Amino acid sequence: MKVLYPGSFDPLTFGHLDLIQRGSNLFGEVLIAVLENPLKKPTFSVERRLKQIREATSSIKGCSITSFTGLTVDCARANQVNMILRGLRAMSDFEYELQVAHTNRTLDSEFETIFLATETHHSFLSSSVVKEVARFGGETRHMVPEFISNDLRQIYKDL
Ligand code: ADP
């Protein structure tokens, strides 16, 4: 069975990777969909994020990657997937994620959202926290794969 794992992944963290690995173990196939949101100015271009994810997930079985703009349900339909995977870190995620899941059901009633609770040691981890640390020269190698840590250092080096 294939699940769609949509997100910004700006950048991918070990929390995302954990979810991808567990999604692959549970469902067999995970299609990672990188959102190109015209309302947000990402730190990494969609091409860079796709490259980072491709490299980080190369050893995970049943993993594929795409990008999309617009509605997640349309991306899912275009890829013949009707199940979406999302992660829950804390109650603060829950309210937003529930709202999105209900909204997606109103757009397409065939559409199911599966939530996986994060591993406790990843529950503090978010792309924003990683960027905040990197911006001020902190170490991020325990939060993201090493080449993403290097990308972050590169992007913030002139600030
Ligand atoms: P979005 O902008 O769509 O929230 P993110 O890249 O921030 O994109 O997150 C994508 C998905 O991954 C969301 O479901 C989010 O809850 C989940 N996620 C993010 N960080 C973690 C983490 N540390 N552990 C588990 N899931 C996570």
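# Briefing: a predicted model with six helices and five strands

The side chains of Ser149 and Thr140 are joined by a polar contact of 2.9 Å; a polar contact is a pair of N or O atoms within 3.5 Å, where within protein one must be able to donate a hydrogen and the other to accept it, and residues adjacent in sequence count only if both atoms are side-chain atoms. The model is predicted, so local features need pLDDT of at least 70 and side-chain atom pairs count only at pLDDT 80 or more, while totals for chains, interfaces and linings use all residues. Residues are numbered from 1 along each chain as its sequence is written, and side-chain values use heavy atoms, with hydrogens and water left out.

**Overall architecture**

- The protein comprises six helices and five strands; helices (H or I, at least four residues) and strands (E, at least two) are DSSP runs, numbered from the N terminus.
- Read from the N terminus, the order of elements is β-α-β-α-β-α-β-α-β-α-α.
- For 159 residues, a compact globule would have a radius of gyration near 15 Å, and the value of 15 Å for the protein agrees with this; the radius is taken over C-alpha atoms, and the globule rule is 2.2 Å times the number of residues to the power 0.38.
- Along the principal axes, the C-alpha atoms occupy a box of roughly 45 × 30 × 30 Å.

**Burial, contacts, surface and charge**

- Of the 159 residues, 43% are buried; buried means under 20% relative accessible area, exposed over 50%, and partly exposed in between (1.4 Å probe, protein chains only).
- Among contacts with a separation of 6 or more, 75% are between residues 24 or more positions apart; contact means heavy atoms within 4.5 Å.
- The protein exposes about 8,900 Å², of which carbon and sulfur atoms supply 52%; accessible areas come from the Shrake-Rupley method with a 1.4 Å probe, and for residues only the protein chains shown count as cover.
- There are 18 positive and 19 negative side chains, and the centres of the two sets are 4 Å apart.
- In this count Lys and Arg are positive and Asp and Glu negative, with His and the chain ends not counted; each charge is placed at NZ of Lys, CZ of Arg, CG of Asp or CD of Glu.

- Ser149 belongs to helix 6 (residues 146-156).
- Ser149 counts as buried because its relative accessibility is 2%.
- Beyond its neighbours within four places in sequence, Ser149 contacts Glu139, Thr140, Arg141 and Val144.
- Ser149 and Glu139 are 10 residues apart along the chain, and 8.0 Å separates their C-alpha atoms.

- Ser127 lies in helix 5 (residues 127-135) and is buried, at a relative accessible area of 14%.
- Residues up to four places away in sequence set aside, Ser127 touches Asp10, Pro11, Thr13 and His16.
- The peptide bond from Asp10 to Pro11 is cis, with omega near 0°, and Pro11 is placed in the loop between strand 1 (2-7) and helix 1 (14-27).
- Phe9 also lies in the loop between strand 1 and helix 1, where Phe9 is buried with a relative accessible area of 2%.

**Backbone exceptions**

- Most residues other than glycine have a negative phi, and most peptide bonds are trans.
- Phe9, not a glycine, has a positive phi of about 50°.
- Gln80, not a glycine, has a positive phi of about 50°.
- Gln80 is in the loop between helix 3 (72-78) and strand 4 (83-88) and is exposed, with a relative accessible area of 70%.
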